[in-house]
Amino acid sequence: MWDFTSPRKVIFGEDALEYLSEQSFKHVFVVTDPVMRKLHFHLIEKQLKAINAEITVFDEVPGEPTLQIVEKGAKLLAEVNPDAIIAFGGGSVMDSAKGMWPMWASPQDGMDAIEGLDPFGKLNLREKTSCILVNIPTTSGTGADVTWSTVLTDNSAETERKASFGNRELVADITILDPILTKTLPRHLIAGTGLDALSHAIGGYLSTWSNDFSDAFLIHAFKLLWENLTLAYHQAESGEVDFEIREKLHNAATMSGWGFGNSQIILGHALGHSIGAAFKIPHSKCIGTTCWYSLMYNKNTASNRIAELARAIGLNGNSEEELTEQLISGVKDLLGELDMPLSLQEMGVTKEKYDSEIETVIEYALNDSGTLSNPRPVDYEDYVKIFEKLFLGNELDF
Ligand SMILES: [Fe+2]
């Protein structure tokens, strides 16, 4: 038996935000960050004022969401008792809202309310709080608006640690995809977040847990991202915004999240998460490159699936091997076109730092769920070799 979990509604396209003014919310709790509050909050405020909804704004979400900020938000939720939580921002904001909700619903459990979550356990969040979750992503990348898991940082102790948790009930009731919100995205974030979405599409499609339903979302998302990412990037160079292209990227990021949330990610994310944690490299800066490494590592084991992705974007080849090689070099070219660093060195990691952290990095990678569902098994020795190559930017040859 398998399970494919989806949001109840996806509202998309031009003026999608107007959907808010068709709701009957009485009190809305908006989770956001200081930048979004300043840049675009007025767009949703206008819609909520039109229905006379009371609004409480929690705009303290940092770039790396913490358990402590989630706890603060949960306490405020208990005071406010909203009938809708609106997560308005990027992945950190949506991840924070996913933590606040179960903590609000079970205050007696403290941190255990989220840390002890079981993906399929019954939380009865909606019944307990009489509230729903509405996600409004402002970047086109994480897919966090339709996934059910998240990672939060606990910085209360001397050594910072990451706490990951998830439950299927955390998939939003409604996700609203309005491309206008991506208008102010800087060029490097269009590239980085778009590559994150591309990596979700590729990883979810190659994952050992992929299935007929996730395949449908992922292969089309991959095609949309491939066709539109460089266009949006180059347009942004000249300050141009084509909303049709932005809409395709915005939709594709959610479709990728929808797909991989119901299959899994693979080696590219295990690499990205581990170097991100140890060397403080932003996910959007490294994930495209680690995705390229995951394709090289999996090319013999998953050539049939990689070839299907290659065919979806119109590549031609006489064999699966040929198509696989074409896609791998295509991804490398894409990284170059998007001005992405191709090695840990180019990402700013020194040899000293690498040597002092590599054992921790490998431990993180081995424990990452992306290792578990990778098509080609990967062990300690494999990681030693992969990270050595990644440090220098050399292609994999084993
Ligand atoms: Fe990601």
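Predicted model: local features only at pLDDT ≥ 70, side-chain atom pairs only at ≥ 80, totals over all residues.
Which residue forms a salt bridge with Asp-215, and how far apart are the closest N and O atoms? That is where I'd start, and the rest of my notes follow from there.

1. Ground rules. Residues are numbered from 1 along each chain as its sequence is written, and side-chain values use heavy atoms, with hydrogens and water left out.

2. The opening pair. The partner of Asp-215 is Arg-305, with the closest N and O atoms 2.7 Å apart. Asp-215 sits in helix 8 (residues 212-237) and Arg-305 in helix 12 (residues 303-312), so the bridge ties together parts that are 90 residues apart in sequence. A salt bridge here is a side-chain nitrogen of Lys or Arg within 4 Å of a carboxyl oxygen of Asp or Glu. Helices (H or I, at least four residues) and strands (E, at least two) are DSSP runs, numbered from the N terminus. Both Asp-215 and Arg-305 are buried. For that word and its relatives, buried means under 20% relative accessible area, exposed over 50%, and partly exposed in between (1.4 Å probe, protein chains only). The pair also belongs to a network of salt bridges that links Asp-215, Arg-305 and Glu-308.

3. Other salt bridges. The structure holds 15 salt bridges. One of them joins Arg-37 to Asp-59, with 3.3 Å between the closest N and O atoms. This pair links distant parts of the chain, 22 residues apart: Arg-37 is in helix 1 (residues 34-39), and Asp-59 is in the loop between strand 3 (54-58) and helix 3 (67-80). Arg-37 is partly exposed at 35% relative accessible area, and Asp-59 is partly exposed at 24%.

4. Glu-325 and Lys-299. These two form another salt bridge, the closest N and O atoms being 2.9 Å apart. Glu-325 lies in helix 13 (residues 320-337) and Lys-299 in the loop between helix 11 (283-298) and helix 12, so the contact ties together parts that are 26 residues apart in sequence. Glu-325 is partly exposed, with a relative accessible area of 39%, and Lys-299 is partly exposed too, at 26%.

5. The second largest pocket. Its volume is about 250 Å³. Lining residues include Glu-14, Asp-15, Leu-43, Lys-46, Asp-178, Phe-243 and Glu-247. Helix 2 (41-49) and helix 9 (243-260) are the elements that give two or more residues to this lining, and helix 2 brings the largest share, 3 residues. By class, the lining has 5 nonpolar, 1 polar and 6 charged residues. As for terms, the search runs on a 1 Å grid over the protein atoms alone: a cavity is a set of points where a 1.4 Å probe fits but cannot get out, a pocket is an open set with protein on both sides within 12 Å along at least five of seven lines, and lining residues have an atom within 4 Å of a point. A volume is the space filled by probe spheres set on the points, which are joined across faces, edges and corners. Ala, Val, Leu, Ile, Met, Phe, Trp, Tyr, Cys and Pro count as nonpolar, Asp, Glu, Lys and Arg as charged, and the others, Gly among them, as polar.

6. Cavities. There are 3 cavities of 30 Å³ or more, and the largest cavity holds about 50 Å³ of space. Its lining includes Ser-140, Thr-182, Ile-190, Gly-194, Leu-229 and Arg-246. Helix 7 (187-206) and helix 9 are the elements that give two or more residues to the lining of the largest cavity, and the largest share, 3 residues, comes from helix 7. That lining divides into 4 nonpolar, 4 polar and 1 charged.

7. Backbone spots to check. Asn-124 has a positive phi of about 55 degrees although it is not a glycine. Asn-124 is found in the loop between helix 5 (112-115) and helix 6 (125-129). Asp-339, also not a glycine, has a positive phi of about 55 degrees, and Asp-339 lies in the loop between helix 13 and helix 14 (351-367). Asp-339 is exposed, with a relative accessible area of 52%.
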